[in-house]
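Here is a short report on two regions of one protein chain.

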Amino acid sequence: MACSTQSDALVFFVNGRKNQQLFSLTAAFAVRLSGTKYGCGIGGCGACTVMISTYEPTSKKIMHYPANSCLLPICSLHSSAVTTVEGVGSTKTRVHPIQERLAKCHGSQCGFCTPGMVMSMYALLRNHPEPSMEQITAALDGNLCRCTGYRPIIDTYKSFTGETACCQLRGTGQCCLDKEDVCSSSDKGNQMHSGLCNPEEFQPVDPTQEFIFPPELMRMAQEQQKRTLVFRGERTTWISPTNLRELLELKAMYPKAPLIVGNTSVGLEMKRDGVHHPVFIHPTRIPDLHVVSNTNNGLVIGAACSLAQLRDILMKVVPELPEEKTKIFRALLQQLKTLAGEQIRSLASLGGHIVSRGSTWDLNPVLAVGNSVLSLASKDGTRQIPLNDQFLAGYENADLKPKEIIVSVFIPYSKKDDFVSAFRQAERRRNAVSVVNSGMRVLFKPNTDIIMDMNILYGGTGPITVSARKSCQRLIGRQWNEQMLDEACKLVLGEISLSPSAPGGKVEYRRTLLVSFLFKFYLEVLYGLNKMYPAKFPDLSKKNLSALGAFHSEVPQGMQTYQDVDPVQPPQDPVGRPIMHQSGVKHATGEAVYCNDIRAVDEELFLAVVTSSRAHAKIVTIDVSEALKVPGVVDVVTAEDVPGKNGTDDEQAYAKDEVICVGQIVCAVVAESAVQAKQGVEKVKIEYEDLEPILTIEDAIKHNSYFGKEKKIEQGNIEEGFKSADEIIEGEIHIGGQEHFYLETNSVLVVPRGEDNEMDVHVSTQDAARVQEFVALALDVQSSKIMCHTKRVGGAFGGKITKPAIFAVVAAVAIPNLRIRGPFRGFVATQTGLPQEKIREINMYKEVNLTPFKEELDATNLVKCWKECMEKSEYYSRKTAVEEFNKQNYWKKKGIAIIPMKFSVGFNATQYHQAAALVHIYTDGSVLVTHGGIELGQGIHTKMLQIASRELKVPLSYVHFCETSTITVPNAIVTAGSIGSDVNGKAVQNACQILRKRLEPIINKNPEGKWEDWITEAYDQSVSLSATGYFRGYMVNMNWDTGEGQAFPYFVFGAACSEVEIDCLTGDHKNIRTDIVMDACFSINPAVDIGQIEGAFVQGVGLYTMEEIKFSPEGEQYTLGPDTYKIPAVCDIPEQFRVYLLPNSRNPIAIYSAKGIGEAGLFLGCSVFFAIWDAVAAVRKERGLTGTFTLNSPLTIERIRMACADNFTEMVMVF
């Protein structure tokens, strides 16, 4: 067929408004709406989620689905309606119930992930006005959050179910609408309060307020359903045919052109590998590719059906058919529930999943063992081929021809004597690529256990999905018994080989999964035979019953308990109350502005950095000549261009002469667009001379390479102590690092003011003063001419303390106007024979004591936390229940652990605790507060507003915070160490008290007057309505040479009890319950503090159980994004998650007797580590492995499984 040489107009609607433009194959941020966040850029975090609505003219149905806009080609949006978070609701029009409830339930902290969370839920509600909790959790599979720990998000969305969910919102077991406070018999003083929001305040959902699908798009879809659309660009042509004949002609004309349905595979290739395709074919409008039909023998599914549609089809079909026919369908459903996130499931097609043939794609092994058939078509005709191991391996005689396409997939019904199972194990239960997956099927002679046919396929063992074909053929005719199983395991291990250096590592673990899955299948079949023929086949033993089934997480239930404010506290006084985050609503509506959301300025340029590909090397030459030839490239900047100081002695802004790690900035390309800058980067050529790298701690020790001066504390005569000890317990444990994984990547906008060398630096940082200092030094100007601004930061966790200053220097030097995008150690003394909790109790600080660095410490509240946690977690009764469970279950084990915590707050130097604030009162009575702390999601601005409201005795609504800036508060300390709210709160308090004191004479003269009256009178009397507040800082005076002094201002105490269950055959685990007791003293804002505790705890769970950083032997980091580095998701939080703030506790040195608890909760995540350790210990004890063993952190699925030694792990060592 001949395509038009003209380009059609590209038409779509965004938030009800028409957009028409010529073709542009850029990311779907073509319409600049800053609510949609750019996070990972590969569809893995969900921050960029939008809702796509389309009209199907044949069925006359409107479909809504969530999508990752970072993967959406803009041409795919033609005739679609796009809804972004701004279109859901805004403070200027109407805040949607989703946005309102998420803010009021404290489901937002840094807020960067929040628009994506809103959009995932919004798309679900448009399709299911009263969704089930299973649908809600599935809708959030593709959304990550580093701050909240997910509990408040889940609690928010429970309110939209048709079920009675209010009691779950409060998490107490009694109705949340019951006005009685929840009290504990051990509590004294003010009552304990449970629940952080009031569902009675929620506005109802009103479907009539949603956007209607634009009638114009309906007409377009109707009129264009028989017309091929062509969109032409400078380098690429996008063709959208309307019937199968046209599609086949196009494929014959452009055999190498990819067929794009969801772009989830091709899009990643383009982004990561720079793959370019001159022509794209978009076949989604072809009815033949969307066919769904039942035949006498099975189900026919069109190749363009999405995975979400496939799931919904199967869920509808399975209950309608006899159970014996649906075994393949149920196995597919099992995989579909955990495969990717809902955004990817809604875009990715069945045909694309099959034809891309990824080794870890979960559906292909099941489709293959189920004897599925592919219907193919080309211009030359049609044919059918089996979807089998040869097709998945890409054998020429079993594969598609270049001009062929998959039209549909036939999935046959299973038979009565068929047994089909699916297995997968990933580093995270949902939205994670499988380490190993499998599809297994066996067919018996009727009414017997004699194998007639058998098929086993594995994915994840190499570059392709492989079949244990020879092993299965050897087993035909055998009975289904233990002798067969033993032989089958040996055959499979012999046939499916993994090289010791296989990509991805985990070789022994992956080989163990081969036989572990096979054992599970063996038991599932025995169980099925017993159900079908109970007279012929015996029941499974209790021992083996425990091996059946994968973990299914229950809907998380939360409880948050804190001490209510004094009943006599004025209602207007917000301190001590669970006040909503100051920016919560703006987070949820997308109106909160982050650095990268700032509108473009005139003549703006973009910068992209060229980074080192070597871990340690000399820079021989840098050739930028080809880069400078790229259209739009303005300059390439190197270390030679820095007029002042190039970073620090520890880290240069631009590497000069030598690079010391992969990823170090060598130079930067400045261009008129971000695309041109990236194209320029690809043209820069750097020649290196490699030097020996130091990549591990062992290497560093060997080379005497240490970071900083050693700080050592010794007490007593260590050598004599060892000599006189009754027993010496030795051991070693390794703990891996953790990525900060903030969703907002580092971003800087540098804008020269045009005179006196002044420059505005908008930066996402924890330390604006450091950025100011570094930029001034690099430009060789005074710091007073560099103005740094930070409105808010989209997550940091310590990762934006030092690096943003380097990025700012790179930007500031490059061009006048551009935008760029405690140790943990634990030993369990098993040799003593004492329970773990007793060991911890014996070693715990008690009463007034001295730390190893001789700082006095009152541990009264530590002991209280421990005892409260013991009581509230019902530790001993649950420990008994765990032990009983372990007696009854051989292949699954539970573990429980309780961990105390002493966490040091602040820094070792007084000057790092100083803080300043500036408070203005305007003549209308409004108040502007500025301080040196930076909002990272920890609610520091919210607390400062609460403090100002109390001190000035004005309503919270009168007080406003604008931004953190070096203009208003100079020399501010870094916001870190859990000390920010403490010290900045003191400064704000000081400023407000100064102002209040100035106003006292006026107030005393007119005590019945209004605030506005007093302010007007003060102005008339020339009373200054502006004050600087200052806090000198907590006094610390640690001398590390003598090992004496006060190292920290104070300590936070806490305790956590966690219970887990592990699958001994796979290494998977689920977090059943966690109880946390935290000594927050008097909480300025319980909602903020509890949110910090929950979020830090879940981040700690990631640190200790799943987040693993991997490097190549050359020092290149493998784990660089959400596809390779897994942080906890909704599926990983405890099913019961309870947080309790210790009552009647005070901290006399801090403001309002509060404590900083931002980071403390992270360590308590190790309670899950030790609970898993407890479960593994039970496994090993039962199997006679009584010696000591080491489990390193993170305690991943691999480490858990391999520690649960059994016949299968031994078999792997032999074969």
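## The cysteine site

Cysteine 40 is found in the loop between strand S2 (17-21) and strand S3 (49-56). The model is predicted. Cysteine 48 lies in the loop between S2 and S3 as well.

| Residue | State | Relative accessible area |
|---|---|---|
| Cysteine 40 | partly exposed | 26% |
| Cysteine 48 | buried | 4% |

The cut-off for buried is under 20% relative accessible area. Leaving aside neighbours within four places in sequence, cysteine 40 is in contact with Cys45 and Pro1122.

The UniProt record, an unreviewed entry, places the feature "binding site" at Cys40, Cys45, Cys48 and Cys70. These residues span 31 residues in sequence, yet no two of their C-alpha atoms are more than 10.4 Å apart, so they gather at one spot.

## The five-stranded sheet

Five strands form an open sheet in the order S10-S11-S14-S12-S13, and the pairing is antiparallel. Strand S10 (292-294) and strand S13 (381-386) stand at the edges. Each has a single partner strand, so one side of each is left without a neighbour in the sheet. From one strand to the next, the twist averages 20°.

Strand S12 (residues 373-378) runs antiparallel to S13, and six bridges join them. Serine 378 has glycine 381 in S13 as its bridge partner.

Helix H8 (residues 244-253) packs on the sheet and touches S12 and strand S14 (405-412). The direction of H8 makes about 120° with that of S14. Helix H10 (residues 307-317) lies across S10 and strand S11 (298-302). H10 runs at about 160° to S11.

How values were computed:
Residues numbered from 1 in each chain as written. Predicted model: local features only at pLDDT ≥ 70, side-chain atom pairs only at ≥ 80, totals over all residues. Heavy atoms only, no water. Pairing = 2+ DSSP bridges. Helix = DSSP H or I, 4+ residues; strand = E, 2+ residues; numbered from the N terminus. Axes fitted to C-alpha atoms, helices over the stretch in contact; angles between N-to-C directions. Contact = heavy atoms within 4.5 Å. UniProt positions renumbered as here; feature names shortened; annotations may be inferred. Buried < 20%, exposed > 50% of the residue type's maximum accessible area, 1.4 Å probe, protein only.
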